[in-house]
Amino acid sequence: MTENGAVTLEDVAREADVSVSTASRTLNGRTGRVSESTQARVRAVATRLGYATNLAAQAVALGRSRAVGLVVGDIPDDYQNPVMTGVFHAASKRGMLVTTAVAQTAAIDATSNAIRLLRGQRPSVIVYVGTESSTSEGMPELAAELKHAEDEGCRVVVIGVSGTPFDSVVVDDRSAAAELATSLAGIGYRDPMIVGGVGLGQISRERTDGFIEGWAQSGLTVPLDRVLQQASSHDGGYRAAGEILRRRPLPDVVFCVNDSMAIGLSVRLREQGIVIGRDIAVAGCDDMPALRDIDPPLTTIHLPWLEAAEEAFRLAESEERASGRSVVLEGYPVLRTSTPEVTGIPS
């Protein structure tokens, strides 16, 4: 043991009657040349003694720690949480820890410093989650900081942004939103409004444009004055509902570019005695788990954020160096009772 009482790798090796290298390989997941019985004995001893891997020493010895740096944007919970959950699950499967830093889109220096601090921990992987395009202001500076991490031996993968020097995983928001629009038009809706999300950047634009394109595929148009912009949050949706109420008559359907906004909008409408699914239809995007507790169940677009995180780790584990590869995942609409079929569809 060390002077402060911490159990060392040498203590584990001695108690398990194996070499220090064998104990190290077993506890660090490099077990190719260690028998299963020996692995079991080493782990049992480590558990009994209360051994914890010294990540700082491991980083010095290997040049990398078994840690993941996760950089998430200053974006609403309904988008951020599924991605974070996916990263945590994927890291846990691999026996890795996650250190999270929150990127402030309006404070590039602070975000660059957060990435710099993560680099100091020598993580094996940094996952950057963004909402803006690769040409957005500040992205080149962040890309330069992430490039330093790659030069030091860290693998960088970006979720939500393509066109950078790094491997990326993106979701085709535009196509999924277009499919939702054609589905709604197909069951009789003719007078939509769209609530875009300030702060969602490129994601909001893709979802808005996709919905308009899908509507056009059905021979219908969305006038520009039928597109509102609000903060991409529950409160933003609540305020958007106030604007819609002032513009009566009501549209027959409202598409919010994320579920949190759709929930906030629905709350405000219900306060005014408007019944969702009867007096007005509401749809969101992301298929956040909380939707199962909403009455009526909310129509939305299911987006594969858990799969996106797993794909990000697969790219990071690839022996091929990062080369700007982009994995594109598809979403799909989920129609629920907040958008019932319209009877008497005009021909």
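**Rings and charges**

Tutor: Start with Trp-215, which is buried, with a relative accessible area of 0%. Buried means under 20% relative accessible area, exposed over 50%, and partly exposed in between (1.4 Å probe, protein chains only). One caution: this is a predicted model, where local features need pLDDT of at least 70, side-chain atom pairs count only at pLDDT 80 or more, and totals for chains, interfaces and linings use all residues. Residues are numbered from 1 along each chain as its sequence is written, and side-chain values use heavy atoms, with hydrogens and water left out.

Student: Where is Trp-215 found?
Tutor: In helix α9. Helices (H or I, at least four residues) and strands (E, at least two) are DSSP runs, numbered from the N terminus.

Student: How many aromatic pairs are there?
Tutor: Two. Rings of Phe, Tyr and Trp (its six-membered ring) pair if their centres lie within 6.5 Å; planes under 30 degrees apart count as stacked, over 60 as edge-to-face and the rest as tilted. Phe-211 and Trp-215 have ring centres 5.5 Å apart and planes at 20 degrees, so they are stacked. Both lie in helix α9 (residues 202-217), four residues apart, about one turn of the helix.

Student: And which residue forms an aromatic pair with Phe-255?
Tutor: Phe-211 does, and that pair is stacked: 4.7 Å centre to centre, 10 degrees between the planes. This one links distant parts of the chain, with Phe-211 in helix α9 and Phe-255 in strand β8 (residues 253-256), 44 residues apart.

Student: Is Phe-255 buried or exposed?
Tutor: Buried, and so is Phe-211. Ring pairs join Phe-211, Trp-215 and Phe-255 into a cluster.

Student: New topic. How many salt bridges are in the whole structure?
Tutor: A search finds 20. A salt bridge is a side-chain nitrogen of Lys or Arg within 4 Å of a carboxyl oxygen of Asp or Glu.

Student: Why would those pair?
Tutor: Side chains of opposite charge can pair when their charged atoms come close.

Student: Which side chain meets Arg-48 in a salt bridge?
Tutor: Glu-15, at 3.5 Å, N to O. Arg-48 is in helix α3 (residues 36-49) and Glu-15 in helix α1 (residues 9-16), 33 residues apart. Arg-48 is exposed at 55% relative accessible area, while Glu-15 is partly exposed at 46%.

Student: What about Arg-155 and Asp-167, buried or exposed?
Tutor: Both are buried. Their side chains meet in a salt bridge (4.0 Å, N to O).
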